[in-house]
Amino acid sequence: MLRSWIHRSPWVVALILLVAISGVVEAQQYGGTLRVATEGDPVHLDLMIVTASNASTIGQHVFDTLFVLDENSAPIPLLLESYERSEDGTYVSFTLRQGVLFHNGEELDAGDVIASLRRWLEYGVRGQVMAPHVVDILASATDKYKFSIVFSAPFAPMENLFAWNNGGPCIYLQEVAEVAGAEPIAEADYIGTGPYKFAEWVPGQYLRLVRFDDYQSPRGASTGYGGQRNAFIDELLFIPVPEAATRVAGVRAGDYDYAIRLPQDLYPDLQANLAINTHLLTPPSFMQIFRNTKKGLMVNDKLFQAIRMALDFEPILQSTYGTLYELNGALFPPGSIWYSDAGTELYNRADPEAAMALAREAGYNGETIRYVVSTTYHEHYNTGTVVADQLTRAGFNIDLQLYDWATVVQYRANPDLWDLFSSGHGPVPDPTLITCLNPNYPGWWDTARKTALVDEFTTTTGFDERYAVWEDLQALLYEEGSMIKTGDGYILNISSAERVGGIDVEHQPALLFPYFWNAWMK
Amino acid sequence: MAGYLARRFLAMLPTIVIVLIVSFFLVRFIPGDPAAVMLGPDASVDQIEQLREAMGLKQAIHVQFLRYIGRVLQGDLGHSILFHRPVAELLVLRAEPTAILAFLSVVVALCIGIPAGVLAAVKRNTFLDQALLVLALAGISVPAFLLGLLIMLVFAVQLHWLPSSGFRSILSSGNIWNIRYLLLPSVTLGFGQAALIARLTRSSMLEVLQEDYVNAARARGVVERGVVLKHALRNASIPIVTVVGFTFAGLLAGAVVTETVFAVGGVGRLVVEAVLARDYPTIQGIMLVVACMYLILNLLTDATYALLDPRIQYS
Amino acid sequence: MRSDNSNRRRPRSLLVIVARRKTGLAGLVILVALVLTGVLAPYIAPYDPMYIRPSDRLRAPDSRHFFGTDNFGRDILSRVMYGSRVSMLTGLSVALLSGIVGGMLGAVSAYFPRIGGVSMRLVDALMAFPAIILALFLMAITQRASLVNVIVALSVAYAPRMARTAFGLTLHVCTLTFIEAAEAVGSGRVRILLRHALPNLISPIIVQSTFTCALAILGAAALDFLGVGVPPSVPSWGAMVSEGRMYMTCAPWIVLIPGGFVAVFVLSLNLLGDAMRDALDPRLRRLR
């Protein structure tokens, strides 16, 4: 019956087919330039030694890591063909994919990886988390695509750490990694294996990446940062636009196609605008209030509990994130494999009277509590202002000290200078990456119980066992840790609905470091 | 006159030395650590120390200073901590939009301000005078980013006549049409400057219009317009030249707010970025170059005084 | 030469003379109103300017909040009232300091070229320092952010302009006939400077000072926002404008209202300044 129908009205059929095909063709075409309005120039693109998000956002198109996170924040291989852990977990062997090319035409081999990992373990920001556990990295004598790592004990966070490019182990050329030290690598050495290659950087005007034609994409369905990557767009231009209102105006005017980090209060208007797509980055970030456990008033655990008890987090979150927030005391959002409510009965008690009573019980007598906050980032400033206000009204004597970021970073490193300070924290794939767990991070949480739990957490393999330890660790944080979490907040980006497609779609949500492979210009 | 200028030129040197010394030590007094800023929020204390060592920040301060002076004498302004390129190269790159912006905005300011000021002086105490007063005040009191944002919303977002923000180099691309990126910012800046120029022109003209030589010209039968333009304006120009002189100089150091709003990577923005990142070499480089520019501009301004008013003599 | 009549008129109230001109009166009235608002703020402000209430944030002007609320839910009317104290104090102090110190420096430098050679070099060197660096430096030395730091930093930043203006004008004025006449008669140089040259500088300096005042208010705002201005416990118009600009498109009143107050303040200063100049300027007296 279908055949007779086709015979009788071939034009209709042809028309239907044409419409169907053009629907597919209109999507996903090659070509064009994507103009991204960022908050400012990155300091550099040597991703191993920088943790600012715009460096990761831009650099991830140029440099690859061994693993990468999928849409559920789970690590999947990117540059690896396979890997295998030994029975006791201390020996891990890796096999690289073959035929992966650097932007200068050289093929990726174990020599490049080993040199990069060595540099990262010594100087990389996140490398210091893994370095104490690594005994050696060995090349294979016979196969240039194989290498192995020997750990002192099973190291469970390995895949997650390898998947996190923010201060993470990006793979550079062997000759570049071997000579690299504490200082950033030169622009001429921005040679990676990613879908885009570094072309040009004029600070204050733009940073240009162009498609790498010989890119070898991983196979498999696209999921999160992983899976198939098609560089449809010819050229990516990252333009520093410091003023948020200008970033928005620029997208509306047609000068930019994507804009990063806009004030959350603009969300209702932007959402209503049909020409603009809004993107809430997942997972959410959060603000933190740290206490100085080394010296000064806040060494007192009870006083710390009192401070947390006094805080009503909803107004704090509203002032920081507008309507784009969620009250969540767990360090991971609901839906994450690491989500747990252990310890969170102490979250958001919002009871200033009981707090003051507890404080007096702790021996607090109205002494000055120094609270250091940065004015450079509005989220820090807004959070700090409301927190200081609430604590003052509860009866604490708060000395709110506002400095620019560079000063805050210097002061917070000195335990004589502060009692509380605030900063932000992005979503991370593994609890070991949470900064307050590092005893050297300002706050200096370093008790025997905590060290024991962290060691146990790091060396336990098997997710269920690790999760149980994590629950204990989170509960311990609430009991005696150095950090108060305020709640989850979402970062707001936008793109032009008319000009850009393929962003923030199923299986490829808007993640913390927005990526532009698989996107296309309409 | 030539001798005076030559002596002024030589006198610039002590000023430059003062600037070099003070800028070097002054910025290092300010708390804050360039290495910590570079590594980002999650770095540990050890890593920061490691980077400081690598950057040469742990040497004794007088050693650092002497090395700096040595390099400056060879024409090397140092290496930017933040941008990882020579400071001199960075300054040239960022100076282009700032210089063009300064020039264009002064042109806009003069084109609006002087006629407005002359008109207000001639029509003194009439409604026109008051209206121009209010308009002039609007120019100076409306915050620059508000004005800039409004101009951007009207001409770029609604009308699509010009790009809303950003900048592309004219010199390196050879494309003269890139100047369109600077048109909206120039108008924004110029409008604010126009107010000051209009007010000064007005008050200056008012005084000059009472002078004897003006009355004498009128008595001779010179047409009123000739009186105003040829005799009065020329003599009223002295304070205007002064203002243009250091307005231009001030703009060369960059109009930070306008550059920020319109995402123009100029010197003003560079100062803020460098200060916030404690990029000592860049800060010092900027102060040195700006000081030299002010000195040269002052020379030019003084020379212009002599041209405008032959009675001014330099001993 | 001035007539004798004017000598008798001058000691009588400057205020009376100014008040005779309508615009001067208007300026004076507005300025007094603003000053009174600032002085009486603790008694007339409807809310505590620091009272944070995020559930009320970003409300448009309504019956409960006459000028609306900001991003922390603070009442803008109250903040504007309290802010007038800091802002006017900042603006006027900086304008006065830079005007007097800068003006004297420039005039003296022009009139005594040997002093001028050195002093103008220092002024030139000073112009190279952006206000933000000076403010950061002062904050580092005094270990705190304070209003005095802001005023000093801004005065030092604006004084060179005034010095240059005064310098140029004095050079010009020295060429005028009555100066030569006074020298010929044998008047001392300092006396000439004070009695003859300076009055002719007053009108451009007044005009320029009113602009310095406005610039100082907005300049203080930039410093506030970078964390080197006044501590945040102190509201100021400029800081309100600076902090509020992120909310321009969704809550414009946060910026427009304090910005409006700055404009009105500058307007009143200008009107007053014009009237004062007309009263003081020796040559313009002939017009009345």
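Colleague: Into which domains is chain A divided?

Modeller: Chain A is divided into domain 1 (44-186), domain 2 (196-282 + 491-521) and domain 3 (285-489). The bounds come from an automatic or database domain assignment. This is a predicted model, in which local features need pLDDT of at least 70, side-chain atom pairs count only at pLDDT 80 or more, and totals for chains, interfaces and linings use all residues. Residues are numbered from 1 along each chain as its sequence is written, while chains are lettered from A and ligands numbered from 1 in the order in which they are written.

Colleague: What makes you say that domain 1 of chain A and domain 2 of chain A touch, and how many residues take part?

Modeller: Two residues are in contact if their C-beta atoms, placed from the backbone, lie within 7 Å. The contact takes 17 residues from domain 1 of chain A and 22 residues from domain 2 of chain A. On the side of domain 1 of chain A that touches domain 2 of chain A, helix H3 (53-59) and strand S2 (67-69) of chain A each supply at least two residues. H3(A) gives the most to that side, with 4 residues. The C-alpha centres of the two domains, domain 1 of chain A and domain 2 of chain A, lie 26 Å apart.

Colleague: What counts as a helix or a strand here, and how many of each does chain A have?

Modeller: Both are DSSP runs, numbered from the N terminus: helices are H or I with at least four residues, and strands are E with at least two. Chain A comes to 16 helices and 21 strands. Chain C has 11 helices and 0 strands.

Colleague: Why does the radius of gyration of chain A agree with that of a compact globule?

Modeller: The radius is taken over C-alpha atoms, and the globule rule is 2.2 Å times the number of residues to the power 0.38. For 522 residues the rule gives a value near 24 Å, and chain A has 25 Å, so the two agree. The C-alpha trace of chain A spans about 90 × 60 × 55 Å along its principal axes.

Colleague: How much of chain A and of chain C is buried?

Modeller: Buried residues make up 55% of the 522 residues in chain A and 57% of the 288 residues in chain C.

Colleague: How do you know what span helix H13 of chain A should have?

Modeller: The expected span of a helix is 1.5 Å times one less than its number of residues. H13(A), residues 378-394, has 17 residues and should span 24 Å; its end C-alpha atoms are 24 Å apart, so the span agrees. Of those 17 residues, 14 are buried, so H13(A) is mostly covered. Just after H13(A), Gly395(A) takes a positive phi of about 120 degrees.

Colleague: Which peptide bond is cis?

Modeller: The bond from Thr282(A) to Pro283(A) is cis, with omega near -15 degrees. Pro283(A) is in the loop between strand S12 (276-280) and strand S13 (285-291) of chain A.

Colleague: Which helix gives the most to the side of chain A that touches chain B?

Modeller: In that interface, 43 residues of chain A are in contact with 46 residues of chain B. H8(A) gives the most to the side of chain A, with 6 residues. The residues of that side divide into 21 nonpolar, 17 polar and 5 charged. Ala, Val, Leu, Ile, Met, Phe, Trp, Tyr, Cys and Pro count as nonpolar, Asp, Glu, Lys and Arg as charged, and the others, Gly among them, as polar.

Conventions. A residue is buried if 20 or more other C-beta atoms lie within 10 Å of its own, exposed if 12 or fewer, and partly exposed in between; C-beta atoms are placed from the backbone.
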